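Here's a quick briefing to read alongside the model. Have the viewer open and follow along topic by topic.

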Amino acid sequence: MSLTVAETKERNKALINEVLEVYPEKTAKRRAKHLGSYEETKPDCGVKSNVKSVPGVMTIRGCAYAGSKGVVWGPIKDMIHISHGPVGCGQYSWAARRNYYIGTTGVDTFVTMQFTSDFQEKDIVFGGDKKLEKIIDEIEVLFPLNHGITVQSECPIGLIGDDIEAVSKKKTKEYNGKTIVPVRCEGFRGVSQSLGHHIANDSIRDWVFDKSEDKHPEFVTTPYDVAIIGDYNIGGDAWSSRILLEEMGLRVIAQWSGDGSIAELENSPKAKLNVLHCYRSMNYISRHMEEKYGVPWVEYNFFGPTKIAESLRKIASYFDDNIKEGAERVIAKYQALMDAVVAKYRPRLEGKKVMLFVGGLRPRHVIGAYEDLGMEIVGTGYEFGHNDDYQRTTHYVKDGTLIYDDVTGYEFEKFVEAIQPDLVGSGIKEKYVFQKMGVPFRQMHSWDYSGPYHGYDGFAIFARDMDMAINNPVWGLARTPWKTAA
Amino acid sequence: MAQNAEKVLDHFNLFREPEYVEMFEKKREEFEFAEPKDKLEEAREWTKTWDYREKNFAREALTVNPAKACQPLGAVFAAVGFEGTIPFVHGSQGCVAYYRSHLSRHFKEPSSCVSSSMTEDAAVFGGLNNMIDGLANTYSMYKPKMIAVSTTCMAEVIGDDLNAFIKTSKEKGSVPDEYDVPFAHTPAFVGSHITGYDNAIKGIVAHFWDGKAGTVPKLERVPNEKINFIGGFDGYTVGNTREIKRIFELMGVDYTIFCDNSDVFDTPTDGTFRMYDGGTTLEDAANAIHAKATFSMQEYCTEKTLPLIKEHGHEVLAYNHPIGVAGTDKFLMDISRITGKAIPASLEKERGRLVDAIADSNAHIHGQKFAIYGDPDLCLGLAGFLLELGAEPTHILATNGGKAWKAKVEALLETSPFGKNCHAYAGNDLWHMRSLLFTEPVDFLIGNTYGKYLERDTGTPLIRIGFPVFDRHHHHRYPVWGYQGGMNVLVTILDKIFDEIDKNTIVPAKTDYSYDIIR
């Protein structure tokens, strides 16, 4: 029953038209631009992206605060990140992203804590700058081992005209040059979490790199120094990546930002190469370090053995033969493990169809890992991608793959209903919708509380997890047996 | 290399392997510029002291690890308790992503809710167009019976007027004129999620009873024999609401559950996704005006709703999340008194069974010290039950509790000798609780999932009762109300007590003489 490419494209077109029918005309016109099939040889996926979500359609997207506090800054472990504004934003994002770290929480490490200014009506009316000053003072008393503070703005801050920059400067002075970073990531800015990533990147440029002299002049560099950029160490991803880079002979001087410290950020311009995993959220600072400090950057992909080997070789190409040999040694070392994982799981997963809808890099980056297991991606889309993401996606998807940008709850449901994939990979808000429909599902933001998925160690877990989702006996029980099939 | 295809190691064990442990140590030493270990140890010990506690309690501006969320979460929770209703939150869209995730993580269920997706231009010009387009889109896509509107803090700060906006949207044809769009302003910088619940319910009452924002005549109350029941913001809504219905049916009471989200947060996996399931019908919501009385299970979730209902001539009765024998007794006797329906023998038996269970297990609970935190009503209910069990609710903390709540807790503590050295903490957070647990240790802690950090730091065993509970599954399906609910809470507490006793006596040839087979 498998369709030809032409038939698939026809089917997709009909499906898209059917889905659009539910909308008022204006909305149908807007949404039509975000849906399509990938046409081979085209430079991108033919969909519009990074524009405002349509009101009232149940977009899956988040906000700039989520992009800054939740993604970029939050994992920096030895700093205190204040959710500045009302209590909710910090509460809902409290420890929810599983950015693993090692440290004594509440003493020298603060990632899984919720620091908030808990705005009250009087703070809205009279402004919150005085409160912010006091908060910084109280932090210094109660958490003396913190290595810096960020102020993560929630919606009201930008609306009531608070001057968090002035407060930050004043307190930096008062506390002898302490790093205090004001971040203008109010949730209403931009169209998704994406602008929050950008704002957070810029705040590192302006308030970490530019504000201070070299804070660690004693730091000795080597010709093999690299920084991992854009790995948030979800379930330990950055660790199972770092170990490979070290095994091939490189020295990882910084992790951005999973299990990262402020000192690592500060030392990053001393790296010889920045290796960039999540392009979407950290290309900005990578470009900046290239322009200002001359550090080149290279994108890599540590999902699945095919892409890992490709990436290790690509990274090694920036270094001497020692490292090139190191890459080959690492690939060879894990070959047996990879063969065993594929031998075990591929027969159980061969030919299974997958639909994805995720953020950042994953709508394309994980495709290779699925293909290593003989699985096929039949639909994918980005929560907050830009056109450069859709361009990069062309290297991963097949002709006729259904593409949906900033998909609405309704569209996603209808697409899955019609295509009946064997697996959907998306987020917590989507998980239970599809499981109710009897469709196997894995959360591909949080790894469904599993992980790591990066690196060779991670691929074994990825394979196991996809198998346990698809081959879960419960799916055979979803239909009530005494009810005749419709 | 530790990983292998036969027994795949994930994060639970992988990172304990020597190659990773060594990597972590090297990273810390060479790159993190971490604090020296002795300094770290010194600071860690200091946080356990009375000196630290005093400084911690002297905080005036900073909140650390609060046990409360913001208003719209409660409004969304309330909205889905009505038949075919979709919550529509006017303001920034990221907020809605957060509420949906939060509710899904607790109930392990879908959570449907839309946003008007306001961005910078709306911040300047107001969100009217977002409301007009948003209502039209939601209406045509999801065919709801009702759209219940609330607000994020963004819309509140710029002063968007929901009443006017909804009116204009109707004029522009977003939804039909007679279509139900109740609304509530739910600023995140006032109160907490329980305030949002209150405002949303009040908005729905006002909508149906008081003339749908001036578009139809107000309803005329014709008193009948029914009663209304409002559960409040409740992580156990699935189990609790069903238990209350069962009790009412046993008693033969004619009732309306005003806001019944017990089905929408517990839909089956049978091949169909139900965006809507169950809920109070809109007809019942309107007809609830005719009831003779309204019972609120959580006073602090209905502080504004109950006075409005009272204005319509109802008798209103409020409880504080009653748990256990006496609390349930009072609730049932009030129901019986107001409805004239007798409490049946079957419930008397259930009561007797709960008393029986408490008597059987008393020796293990009597005199144990507990710390409790959670929403104000839940704290009161739990404290009442613990006193009943002869336990001491030593620290009782509600981040969203106020002065009146504190006084109420203190009055409750006065009623029992077991409440003697116990204290209520209103407006404090879990970082305060941490100091309390270090300086005045207790045997057990009762709270939500976030309490696990307190368990880790202070070694106080955590009993998970509250909202949210993300890291244990399915407990929301079991009631904590009624005698059966009391039984569930008792067993939950006992299980933890016994597990701890076993854990503390398990060392062979050292403590295992007490590792008893009979307890």
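In this predicted model, the buried residues of helix 1 of chain A are covered by elements including helix 2 (25-32), strand 1 (35-37), strand 12 (402-404) and helix 18 (409-419) of that chain. Below is a closer look at that helix, then at some strands in chains A and B.

**Helix 1 of chain A**
- The buried set is T8(A), K9(A), N12(A), L15(A), I16(A), V19(A) and L20(A).
- Looking down the axis of helix 1 of chain A, you'd find those buried residues within an arc of 130°, so they line one face of the helix.

**Strands 6 and 7 of chain A**
- Strand 7 (251-257) of chain A is mostly covered, with seven of its seven residues buried.
- Strand 6 (225-231) of chain A runs parallel to strand 7 of chain A, and six bridges join them.
- In that pairing, V226(A) sits opposite V252(A) of strand 7.
- To get from strand 6 to strand 7, chain A passes through helix 10 (237-247), making a right-handed β-α-β crossover.

**A sheet in chain B**
- Three strands of chain B make an open sheet, ordered 3-2-4, with parallel pairing.
- Strand 3 (114-115) and strand 4 (146-151) of chain B are the edges, each pairing on one side only.
- Strand 2 (85-90) of chain B is joined to strand 3 of chain B by two bridges, and V89(B) stands opposite S115(B) in strand 3.

Note on methods: Residues numbered from 1 in each chain as written. Chains lettered and ligands numbered in written order. Predicted model: local features only at pLDDT ≥ 70, side-chain atom pairs only at ≥ 80, totals over all residues. Heavy atoms only, no water. Pairing = 2+ DSSP bridges. Helix = DSSP H or I, 4+ residues; strand = E, 2+ residues; numbered from the N terminus. Buried < 20%, exposed > 50% of the residue type's maximum accessible area, 1.4 Å probe, protein only. Arc of directions from axis to C-beta. Contact = heavy atoms within 4.5 Å. Right-handed = clockwise from strand over helix to strand, strands pointing away.
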